[in-house]
Amino acid sequence: MAQPVLVIENLHKKFKDIEVLKGVDLVLDTGDVVSIIGSSGSGKTTLLRCVNLLEEFHQGRIMIDGQEVGYDGPQHRRRKESEIARQRAMTGMVFQQFNLFPHMTALRNVTLGLTKVKKLPAVEANAIAEKWLARVGLSDRRDHYPGQLSGGQQQRVAIARAVAMNPKVMLFDEVTSALDPELVNEVLNVIKDLAIEGMTMLLVTHEMKFAFEVSDRVVFMNQGRIEEEGPPEELFRKPKSQRLAEFLKSSKF
Amino acid sequence: MAELQQFLHEVWVARWAILQGLGTTIVISGLAIVIGTILGTFVGLVLVYGRLAARFLVRIYVDFVRGTPVFVLVLASFYLLTQVGIQLTAFQAGLIALVVFCSTHVAENLRGALLSLPKGQTEAAKSIGLTFPQIFIYVLAPQALRQALPAWINTAAEMVKASTLLSVIGVLELMLAIKQIIARNFMSPEFYLLAGVIYFAIDYAIERAAKVVEKRVALPS
(Lines give C-alpha, C1' and ligand atoms only; values in the text may rest on other atoms or scores of the structure.)
Protein backbone atom coordinates (compact mmCIF):
# COMPACT_ATOMS: atom_id res chain seq x y z
CA MET A 1 0.00 0.00 0.00
CA ALA A 2 1.37 3.35 -1.03
CA GLN A 3 1.52 6.12 1.55
CA PRO A 4 -1.70 8.05 2.14
CA VAL A 5 -2.19 11.30 0.19
CA LEU A 6 -3.49 13.22 3.16
CA VAL A 7 -2.90 12.57 6.84
CA ILE A 8 -4.37 14.79 9.52
CA GLU A 9 -3.09 14.02 13.03
CA ASN A 10 -4.44 15.36 16.28
CA LEU A 11 -5.35 18.74 14.77
CA HIS A 12 -6.14 21.51 17.24
CA LYS A 13 -7.26 25.00 16.28
CA LYS A 14 -8.27 27.92 18.45
CA PHE A 15 -9.95 31.21 17.60
CA LYS A 16 -8.93 33.39 20.54
CA ASP A 17 -10.00 31.27 23.50
CA ILE A 18 -12.48 29.07 21.72
CA GLU A 19 -11.17 25.75 20.57
CA VAL A 20 -12.92 24.91 17.29
CA LEU A 21 -10.93 21.79 16.45
CA LYS A 22 -10.23 19.53 19.40
CA GLY A 23 -7.99 16.86 17.99
CA VAL A 24 -9.02 15.67 14.56
CA ASP A 25 -7.51 12.62 12.86
CA LEU A 26 -8.27 11.75 9.27
CA VAL A 27 -6.50 9.76 6.53
CA LEU A 28 -7.20 9.84 2.79
CA ASP A 29 -5.63 7.32 0.42
CA THR A 30 -5.24 7.98 -3.27
CA GLY A 31 -8.64 8.21 -4.93
CA ASP A 32 -10.57 8.48 -1.68
CA VAL A 33 -13.64 10.67 -1.71
CA VAL A 34 -14.54 11.73 1.80
CA SER A 35 -17.47 13.98 2.71
CA ILE A 36 -17.61 15.89 5.96
CA ILE A 37 -21.07 16.56 7.31
CA GLY A 38 -22.22 18.21 10.50
CA SER A 39 -24.09 21.24 11.76
CA SER A 40 -22.66 24.72 11.34
CA GLY A 41 -20.06 25.53 13.94
CA SER A 42 -18.90 21.92 14.12
CA GLY A 43 -15.54 22.90 12.61
CA LYS A 44 -15.83 21.21 9.23
CA THR A 45 -15.03 24.29 7.13
CA THR A 46 -12.19 25.23 9.48
CA LEU A 47 -10.73 21.76 9.05
CA LEU A 48 -10.75 22.17 5.29
CA ARG A 49 -9.16 25.61 5.51
CA CYS A 50 -6.40 24.24 7.74
CA VAL A 51 -5.54 21.68 5.06
CA ASN A 52 -5.23 24.53 2.54
CA LEU A 53 -3.21 26.53 5.10
CA LEU A 54 -5.69 29.39 4.98
CA GLU A 55 -6.03 28.97 8.73
CA GLU A 56 -3.18 28.56 11.17
CA PHE A 57 -3.41 25.73 13.64
CA HIS A 58 -1.77 25.32 16.99
CA GLN A 59 -1.15 21.66 17.50
CA GLY A 60 -1.02 18.52 15.45
CA ARG A 61 0.18 18.10 11.91
CA ILE A 62 -1.02 17.73 8.36
CA MET A 63 0.93 15.65 5.85
CA ILE A 64 0.28 15.81 2.13
CA ASP A 65 2.02 13.19 0.03
CA GLY A 66 4.34 12.46 2.96
CA GLN A 67 5.30 16.09 3.41
CA GLU A 68 4.43 18.04 6.56
CA VAL A 69 2.70 21.23 5.44
CA GLY A 70 2.54 24.65 7.06
CA TYR A 71 4.75 23.82 9.99
CA ASP A 72 7.98 22.00 10.54
CA GLY A 73 8.81 19.42 13.16
CA PRO A 74 7.75 18.90 16.75
CA GLN A 75 8.43 22.57 17.62
CA HIS A 76 5.56 23.41 15.26
CA ARG A 77 7.65 26.13 13.59
CA ARG A 78 5.73 27.94 10.86
CA ARG A 79 7.34 27.64 7.46
CA LYS A 80 8.39 30.59 5.30
CA GLU A 81 5.60 32.22 3.30
CA SER A 82 7.16 31.21 -0.02
CA GLU A 83 7.28 27.60 1.19
CA ILE A 84 3.68 27.78 2.36
CA ALA A 85 2.60 29.22 -0.99
CA ARG A 86 4.24 26.28 -2.75
CA GLN A 87 2.55 23.79 -0.41
CA ARG A 88 -0.84 25.43 -0.90
CA ALA A 89 -0.59 24.55 -4.58
CA MET A 90 -0.54 20.87 -3.57
CA THR A 91 -4.21 21.18 -2.72
CA GLY A 92 -6.94 22.66 -4.89
CA MET A 93 -9.64 24.60 -3.10
CA VAL A 94 -13.12 25.44 -4.34
CA PHE A 95 -15.03 28.00 -2.31
CA GLN A 96 -18.67 28.56 -1.50
CA GLN A 97 -18.56 32.02 -3.07
CA PHE A 98 -16.61 30.91 -6.20
CA ASN A 99 -14.07 33.74 -5.75
CA LEU A 100 -13.22 33.96 -9.41
CA PHE A 101 -11.03 36.91 -10.35
CA PRO A 102 -13.58 39.33 -11.85
CA HIS A 103 -11.06 41.19 -14.01
CA MET A 104 -9.94 38.09 -15.88
CA THR A 105 -11.65 35.94 -18.48
CA ALA A 106 -12.57 32.36 -17.62
CA LEU A 107 -9.46 31.19 -19.45
CA ARG A 108 -7.18 33.66 -17.64
CA ASN A 109 -8.64 32.59 -14.30
CA VAL A 110 -7.45 29.07 -15.03
CA THR A 111 -4.08 29.95 -16.57
CA LEU A 112 -2.97 32.40 -13.85
CA GLY A 113 -1.69 29.71 -11.50
CA LEU A 114 -0.23 27.70 -14.35
CA THR A 115 1.86 30.59 -15.68
CA LYS A 116 2.79 32.32 -12.41
CA VAL A 117 3.13 29.39 -9.99
CA LYS A 118 4.03 26.51 -12.27
CA LYS A 119 5.84 28.88 -14.65
CA LEU A 120 4.46 27.10 -17.70
CA PRO A 121 4.79 28.83 -21.07
CA ALA A 122 1.57 30.55 -22.16
CA VAL A 123 0.87 28.08 -24.98
CA GLU A 124 1.05 25.10 -22.66
CA ALA A 125 -0.99 26.83 -19.94
CA ASN A 126 -3.68 27.74 -22.46
CA ALA A 127 -3.86 24.16 -23.70
CA ILE A 128 -4.30 22.81 -20.16
CA ALA A 129 -6.88 25.47 -19.32
CA GLU A 130 -8.85 24.81 -22.49
CA LYS A 131 -8.83 21.10 -21.75
CA TRP A 132 -10.28 21.66 -18.30
CA LEU A 133 -12.80 24.24 -19.42
CA ALA A 134 -13.97 21.68 -21.96
CA ARG A 135 -14.21 19.07 -19.22
CA VAL A 136 -16.51 21.29 -17.15
CA GLY A 137 -18.52 22.05 -20.30
CA LEU A 138 -17.51 25.67 -20.74
CA SER A 139 -15.34 25.75 -23.86
CA ASP A 140 -17.60 28.33 -25.43
CA ARG A 141 -17.30 30.59 -22.39
CA ARG A 142 -13.49 30.81 -22.30
CA ASP A 143 -13.43 34.52 -23.16
CA HIS A 144 -16.29 35.48 -20.86
CA TYR A 145 -15.72 37.39 -17.66
CA PRO A 146 -17.15 36.05 -14.37
CA GLY A 147 -19.76 38.83 -14.41
CA GLN A 148 -21.10 37.36 -17.65
CA LEU A 149 -21.49 33.84 -16.26
CA SER A 150 -24.20 32.23 -14.14
CA GLY A 151 -23.36 31.05 -10.64
CA GLY A 152 -23.15 27.45 -11.77
CA GLN A 153 -20.85 28.38 -14.63
CA GLN A 154 -18.65 30.45 -12.33
CA GLN A 155 -18.34 27.58 -9.92
CA ARG A 156 -17.39 25.22 -12.74
CA VAL A 157 -14.68 27.64 -13.86
CA ALA A 158 -13.49 27.74 -10.23
CA ILE A 159 -13.28 23.95 -10.22
CA ALA A 160 -11.31 24.04 -13.49
CA ARG A 161 -8.99 26.65 -11.99
CA ALA A 162 -8.25 24.45 -8.97
CA VAL A 163 -7.99 21.11 -10.72
CA ALA A 164 -5.83 22.45 -13.58
CA MET A 165 -3.02 22.90 -11.06
CA ASN A 166 -2.94 19.12 -10.79
CA PRO A 167 -3.29 19.04 -6.99
CA LYS A 168 -2.84 15.97 -4.81
CA VAL A 169 -6.14 16.60 -3.07
CA MET A 170 -9.18 18.65 -4.05
CA LEU A 171 -11.01 20.47 -1.28
CA PHE A 172 -14.64 21.54 -1.75
CA ASP A 173 -16.11 23.93 0.78
CA GLU A 174 -19.92 23.89 0.51
CA VAL A 175 -19.58 24.63 -3.17
CA THR A 176 -23.29 24.51 -3.99
CA SER A 177 -24.60 26.48 -0.99
CA ALA A 178 -24.59 29.82 -2.84
CA LEU A 179 -26.25 28.45 -5.98
CA ASP A 180 -29.83 28.60 -7.16
CA PRO A 181 -31.39 25.13 -6.82
CA GLU A 182 -31.59 24.54 -10.57
CA LEU A 183 -27.84 25.18 -10.92
CA VAL A 184 -26.72 22.78 -8.19
CA ASN A 185 -26.70 19.65 -10.31
CA GLU A 186 -24.43 20.93 -13.07
CA VAL A 187 -21.77 21.55 -10.42
CA LEU A 188 -22.33 18.28 -8.59
CA ASN A 189 -22.07 16.37 -11.85
CA VAL A 190 -18.64 17.87 -12.51
CA ILE A 191 -17.51 16.81 -9.05
CA LYS A 192 -18.92 13.33 -9.60
CA ASP A 193 -16.94 12.99 -12.82
CA LEU A 194 -13.76 13.93 -10.99
CA ALA A 195 -14.52 11.34 -8.33
CA ILE A 196 -15.05 8.62 -10.90
CA GLU A 197 -11.72 9.46 -12.46
CA GLY A 198 -9.95 8.83 -9.18
CA MET A 199 -9.28 12.33 -7.92
CA THR A 200 -8.70 12.37 -4.16
CA MET A 201 -11.28 14.67 -2.64
CA LEU A 202 -12.36 16.07 0.68
CA LEU A 203 -15.76 17.76 0.64
CA VAL A 204 -17.72 19.76 3.12
CA THR A 205 -21.33 19.57 2.06
CA HIS A 206 -24.95 19.98 3.05
CA GLU A 207 -26.11 17.90 0.09
CA MET A 208 -26.74 14.63 1.93
CA LYS A 209 -27.96 12.77 -1.13
CA PHE A 210 -24.85 13.79 -3.02
CA ALA A 211 -22.57 12.84 -0.11
CA PHE A 212 -24.27 9.46 -0.01
CA GLU A 213 -23.78 8.85 -3.72
CA VAL A 214 -20.28 10.14 -4.25
CA SER A 215 -18.37 9.32 -1.08
CA ASP A 216 -16.27 6.32 -0.16
CA ARG A 217 -16.50 7.45 3.43
CA VAL A 218 -18.49 10.04 5.32
CA VAL A 219 -17.27 11.87 8.39
CA PHE A 220 -19.68 13.37 10.89
CA MET A 221 -18.19 16.24 12.85
CA ASN A 222 -19.59 17.56 16.07
CA GLN A 223 -18.18 20.30 18.30
CA GLY A 224 -14.67 20.16 16.89
CA ARG A 225 -14.33 16.39 16.88
CA ILE A 226 -15.01 13.58 14.50
CA GLU A 227 -17.97 11.88 16.09
CA GLU A 228 -18.46 9.12 13.58
CA GLU A 229 -16.79 7.94 10.40
CA GLY A 230 -17.64 5.18 7.96
CA PRO A 231 -19.03 4.13 4.59
CA PRO A 232 -22.11 6.17 3.60
CA GLU A 233 -24.51 3.19 3.81
CA GLU A 234 -23.59 2.55 7.44
CA LEU A 235 -23.38 6.17 8.50
CA PHE A 236 -26.66 7.25 6.93
CA ARG A 237 -28.68 4.05 7.51
CA LYS A 238 -27.34 2.87 10.86
CA PRO A 239 -25.91 5.84 12.75
CA LYS A 240 -24.24 4.75 15.98
CA SER A 241 -24.19 8.04 17.82
CA GLN A 242 -27.27 9.78 19.12
CA ARG A 243 -26.12 13.15 17.76
CA LEU A 244 -25.67 11.87 14.22
CA ALA A 245 -29.12 10.29 14.32
CA GLU A 246 -30.57 13.64 15.37
CA PHE A 247 -28.58 15.49 12.75
CA LEU A 248 -29.74 13.18 9.99
CA LYS A 249 -33.33 13.46 11.12
CA SER A 250 -33.19 17.27 10.98
CA SER A 251 -31.54 17.48 7.58
CA LYS A 252 -33.38 16.78 4.38
CA PHE A 253 -32.20 13.64 2.69
CA MET B 1 -21.48 95.47 -28.19
CA ALA B 2 -18.77 98.03 -27.76
CA GLU B 3 -18.03 96.59 -24.33
CA LEU B 4 -17.61 93.11 -25.73
CA GLN B 5 -15.25 94.44 -28.36
CA GLN B 6 -13.31 96.28 -25.67
CA PHE B 7 -13.10 93.08 -23.59
CA LEU B 8 -11.96 90.98 -26.52
CA HIS B 9 -9.38 93.58 -27.32
CA GLU B 10 -8.07 93.46 -23.75
CA VAL B 11 -7.95 89.65 -23.90
CA TRP B 12 -5.99 89.88 -27.13
CA VAL B 13 -3.55 92.32 -25.60
CA ALA B 14 -3.09 90.05 -22.57
CA ARG B 15 -3.05 86.78 -24.54
CA TRP B 16 0.54 85.86 -23.81
CA ALA B 17 0.17 86.57 -20.10
CA ILE B 18 -2.97 84.43 -20.00
CA LEU B 19 -1.41 81.58 -21.94
CA GLN B 20 1.71 81.67 -19.82
CA GLY B 21 -0.40 81.58 -16.65
CA LEU B 22 -2.43 78.72 -18.07
CA GLY B 23 0.79 76.89 -18.94
CA THR B 24 2.11 77.27 -15.40
CA THR B 25 -1.22 76.09 -13.96
CA ILE B 26 -1.17 73.00 -16.15
CA VAL B 27 2.50 72.22 -15.50
CA ILE B 28 2.34 72.62 -11.72
CA SER B 29 -0.98 70.74 -11.34
CA GLY B 30 0.26 68.03 -13.67
CA LEU B 31 3.52 67.62 -11.77
CA ALA B 32 1.66 67.63 -8.45
CA ILE B 33 -0.72 64.92 -9.66
CA VAL B 34 2.05 62.70 -11.03
CA ILE B 35 4.47 63.03 -8.11
CA GLY B 36 1.63 63.08 -5.57
CA THR B 37 0.20 59.88 -7.03
CA ILE B 38 3.55 58.08 -6.87
CA LEU B 39 4.16 59.23 -3.30
CA GLY B 40 0.53 58.57 -2.35
CA THR B 41 0.71 55.03 -3.69
CA PHE B 42 3.61 54.25 -1.37
CA VAL B 43 1.86 55.94 1.54
CA GLY B 44 -1.32 54.00 0.81
CA LEU B 45 0.55 50.69 0.65
CA VAL B 46 2.16 51.40 4.04
CA LEU B 47 -1.28 52.24 5.44
CA VAL B 48 -2.57 48.83 4.40
CA TYR B 49 0.42 46.52 4.59
CA GLY B 50 3.01 48.37 6.71
CA ARG B 51 4.32 47.30 10.08
CA LEU B 52 2.60 48.82 13.08
CA ALA B 53 5.19 51.58 13.69
CA ALA B 54 5.35 52.61 10.02
CA ARG B 55 1.60 52.52 9.77
CA PHE B 56 1.29 54.74 12.81
CA LEU B 57 3.72 57.38 11.48
CA VAL B 58 2.11 57.43 8.06
CA ARG B 59 -1.34 57.63 9.61
CA ILE B 60 -0.28 60.76 11.50
CA TYR B 61 1.09 62.28 8.28
CA VAL B 62 -2.12 61.58 6.39
CA ASP B 63 -4.48 62.76 9.11
CA PHE B 64 -2.43 65.88 9.78
CA VAL B 65 -2.29 66.94 6.14
CA ARG B 66 -5.93 66.13 5.48
CA GLY B 67 -6.91 68.10 8.55
CA THR B 68 -5.08 71.20 7.31
CA PRO B 69 -6.50 73.62 4.70
CA VAL B 70 -4.48 73.55 1.46
CA PHE B 71 -4.04 77.28 1.84
CA VAL B 72 -2.21 76.77 5.13
CA LEU B 73 -0.07 74.02 3.55
CA VAL B 74 0.94 76.42 0.79
CA LEU B 75 1.90 79.17 3.24
CA ALA B 76 3.72 76.74 5.52
CA SER B 77 5.65 75.27 2.64
CA PHE B 78 6.71 78.73 1.46
CA TYR B 79 7.49 80.44 4.79
CA LEU B 80 8.33 77.66 7.24
CA LEU B 81 10.73 75.73 5.01
CA THR B 82 12.69 78.97 4.42
CA GLN B 83 12.82 79.42 8.19
CA VAL B 84 14.60 76.12 8.64
CA GLY B 85 17.11 77.03 5.97
CA ILE B 86 15.62 75.30 2.92
CA GLN B 87 15.72 77.89 0.15
CA LEU B 88 12.94 77.33 -2.34
CA THR B 89 11.46 79.29 -5.19
CA ALA B 90 7.75 80.02 -4.97
CA PHE B 91 7.17 77.42 -7.67
CA GLN B 92 9.05 74.71 -5.75
CA ALA B 93 7.37 75.55 -2.44
CA GLY B 94 3.97 75.55 -4.10
CA LEU B 95 4.66 72.24 -5.80
CA ILE B 96 5.67 70.63 -2.50
CA ALA B 97 2.45 71.77 -0.85
CA LEU B 98 0.34 70.39 -3.68
CA VAL B 99 2.27 67.10 -3.82
CA VAL B 100 1.82 66.57 -0.09
CA PHE B 101 -1.87 67.37 -0.33
CA CYS B 102 -2.34 65.10 -3.35
CA SER B 103 -0.41 62.20 -1.81
CA THR B 104 -2.70 61.97 1.21
CA HIS B 105 -5.79 61.87 -0.95
CA VAL B 106 -4.34 59.22 -3.23
CA ALA B 107 -3.22 57.20 -0.19
CA GLU B 108 -6.67 57.22 1.40
CA ASN B 109 -8.36 56.31 -1.87
CA LEU B 110 -6.02 53.43 -2.46
CA ARG B 111 -6.40 52.18 1.09
CA GLY B 112 -10.18 52.28 0.83
CA ALA B 113 -10.15 50.47 -2.50
CA LEU B 114 -7.79 47.74 -1.30
CA LEU B 115 -9.73 47.14 1.91
CA SER B 116 -13.03 46.96 0.05
CA LEU B 117 -11.94 43.93 -1.98
CA PRO B 118 -13.53 40.71 -0.72
CA LYS B 119 -11.26 38.50 1.39
CA GLY B 120 -12.13 35.62 -0.90
CA GLN B 121 -10.02 37.17 -3.65
CA THR B 122 -6.85 36.87 -1.59
CA GLU B 123 -7.82 33.41 -0.38
CA ALA B 124 -8.52 32.11 -3.87
CA ALA B 125 -5.20 33.54 -5.07
CA LYS B 126 -3.40 31.96 -2.13
CA SER B 127 -5.06 28.62 -2.73
CA ILE B 128 -3.57 28.30 -6.22
CA GLY B 129 -0.14 28.95 -4.74
CA LEU B 130 0.52 32.61 -5.55
CA THR B 131 2.92 34.46 -3.25
CA PHE B 132 1.91 37.77 -1.74
CA PRO B 133 3.67 40.02 -4.30
CA GLN B 134 2.02 38.01 -7.09
CA ILE B 135 -1.38 38.25 -5.42
CA PHE B 136 -0.98 42.00 -5.17
CA ILE B 137 0.18 42.50 -8.76
CA TYR B 138 -2.20 40.15 -10.55
CA VAL B 139 -5.27 40.04 -8.35
CA LEU B 140 -5.59 42.94 -5.92
CA ALA B 141 -4.03 45.92 -7.69
CA PRO B 142 -5.96 45.62 -10.96
CA GLN B 143 -9.24 45.53 -9.03
CA ALA B 144 -8.30 48.25 -6.55
CA LEU B 145 -7.12 50.63 -9.26
CA ARG B 146 -10.39 50.28 -11.14
CA GLN B 147 -12.23 51.10 -7.96
CA ALA B 148 -10.01 54.01 -7.02
CA LEU B 149 -10.17 55.59 -10.47
CA PRO B 150 -13.24 57.83 -10.02
CA ALA B 151 -11.91 59.22 -6.74
CA TRP B 152 -8.50 59.73 -8.30
CA ILE B 153 -10.03 61.80 -11.11
CA ASN B 154 -11.72 63.89 -8.47
CA THR B 155 -8.39 64.45 -6.78
CA ALA B 156 -6.81 65.49 -10.08
CA ALA B 157 -9.55 68.04 -10.70
CA GLU B 158 -9.16 69.17 -7.11
CA MET B 159 -5.44 69.78 -7.67
CA VAL B 160 -6.12 72.16 -10.57
CA LYS B 161 -8.46 74.16 -8.37
CA ALA B 162 -6.03 74.09 -5.45
CA SER B 163 -3.26 75.47 -7.66
CA THR B 164 -5.05 78.86 -7.67
CA LEU B 165 -3.93 79.26 -4.05
CA LEU B 166 -0.33 79.46 -5.20
CA SER B 167 -1.07 82.97 -6.47
CA VAL B 168 -0.64 84.25 -2.89
CA ILE B 169 2.99 83.16 -2.70
CA GLY B 170 3.72 84.65 -6.09
CA VAL B 171 3.62 81.69 -8.45
CA LEU B 172 2.59 83.26 -11.73
CA GLU B 173 -0.12 80.76 -12.61
CA LEU B 174 -3.41 81.56 -14.29
CA MET B 175 -5.06 83.17 -11.27
CA LEU B 176 -2.20 85.55 -10.58
CA ALA B 177 -1.86 86.34 -14.29
CA ILE B 178 -5.54 87.30 -14.38
CA LYS B 179 -5.17 89.44 -11.26
CA GLN B 180 -2.26 91.28 -12.81
CA ILE B 181 -4.26 91.91 -15.98
CA ILE B 182 -7.17 93.24 -13.93
CA ALA B 183 -4.79 95.56 -12.08
CA ARG B 184 -3.97 97.08 -15.47
CA ASN B 185 -7.40 97.40 -17.04
CA PHE B 186 -9.82 97.29 -14.06
CA MET B 187 -12.15 94.89 -15.90
CA SER B 188 -12.52 92.60 -12.93
CA PRO B 189 -15.95 90.99 -13.55
CA GLU B 190 -15.09 90.12 -17.13
CA PHE B 191 -11.67 88.67 -16.43
CA TYR B 192 -12.68 86.75 -13.31
CA LEU B 193 -15.45 85.27 -15.41
CA LEU B 194 -12.88 84.36 -18.05
CA ALA B 195 -10.75 82.68 -15.36
CA GLY B 196 -13.79 80.75 -14.18
CA VAL B 197 -14.55 79.58 -17.69
CA ILE B 198 -10.94 78.43 -18.26
CA TYR B 199 -10.81 76.47 -14.98
CA PHE B 200 -14.13 74.91 -15.77
CA ALA B 201 -12.87 73.91 -19.20
CA ILE B 202 -9.78 72.22 -17.72
CA ASP B 203 -11.74 70.26 -15.12
CA TYR B 204 -14.40 69.38 -17.65
CA ALA B 205 -11.72 68.03 -19.98
CA ILE B 206 -10.25 65.95 -17.14
CA GLU B 207 -13.65 64.56 -16.33
CA ARG B 208 -14.46 63.68 -19.95
CA ALA B 209 -11.10 61.99 -20.42
CA ALA B 210 -11.71 60.08 -17.20
CA LYS B 211 -15.10 58.86 -18.40
CA VAL B 212 -13.45 57.47 -21.52
CA VAL B 213 -10.78 55.69 -19.46
CA GLU B 214 -13.38 54.39 -17.00
CA LYS B 215 -15.38 52.91 -19.84
CA ARG B 216 -12.33 51.29 -21.35
CA VAL B 217 -11.29 49.51 -18.17
CA ALA B 218 -14.81 48.64 -16.99
CA LEU B 219 -15.45 44.93 -16.52
CA PRO B 220 -18.04 43.43 -18.84
CA SER B 221 -21.06 42.01 -17.07
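Author: Let us start with a pocket: α2 (15–49), α5 (90–116), α6 (119–127) and α7 (132–162) of chain B each supply at least two residues of the lining of the second largest pocket, helices being DSSP runs of H or I with at least four residues and strands runs of E with at least two, numbered from the N terminus. This is a predicted model, in which local features need pLDDT of at least 70 and side-chain atom pairs pLDDT 80 or more, while totals for chains, interfaces and linings use all residues. Residues are numbered from 1 along each chain, chains are lettered from A in written order, and side-chain values use heavy atoms without hydrogens or water.

Reader: Which residues lie nearest the centre of the second largest pocket?

Author: Rolling a probe the size of a water molecule over the atoms shows where empty space is left. A pocket here is an open set of points on a 1 Å grid where a 1.4 Å probe fits, with protein on both sides within 12 Å along at least five of seven lines, and lining residues have an atom within 4 Å of a point. Of its 15 lining residues, Lys119(B), Thr122(B), Glu123(B), Lys126(B) and Leu140(B) lie nearest the centre, and α6(B) gives the largest share, 4 residues.

Reader: Is His103(A) buried or exposed?

Author: His103(A), in the loop between β8 (91–94) and α3 (106–116) of chain A, counts as buried because its relative accessibility is 11%, buried meaning under 20% and exposed over 50% with a 1.4 Å probe on protein chains only. Leaving aside neighbours within four places in sequence, its contacts (heavy atoms within 4.5 Å) include Tyr145(A), Tyr138(B) and Arg146(B).
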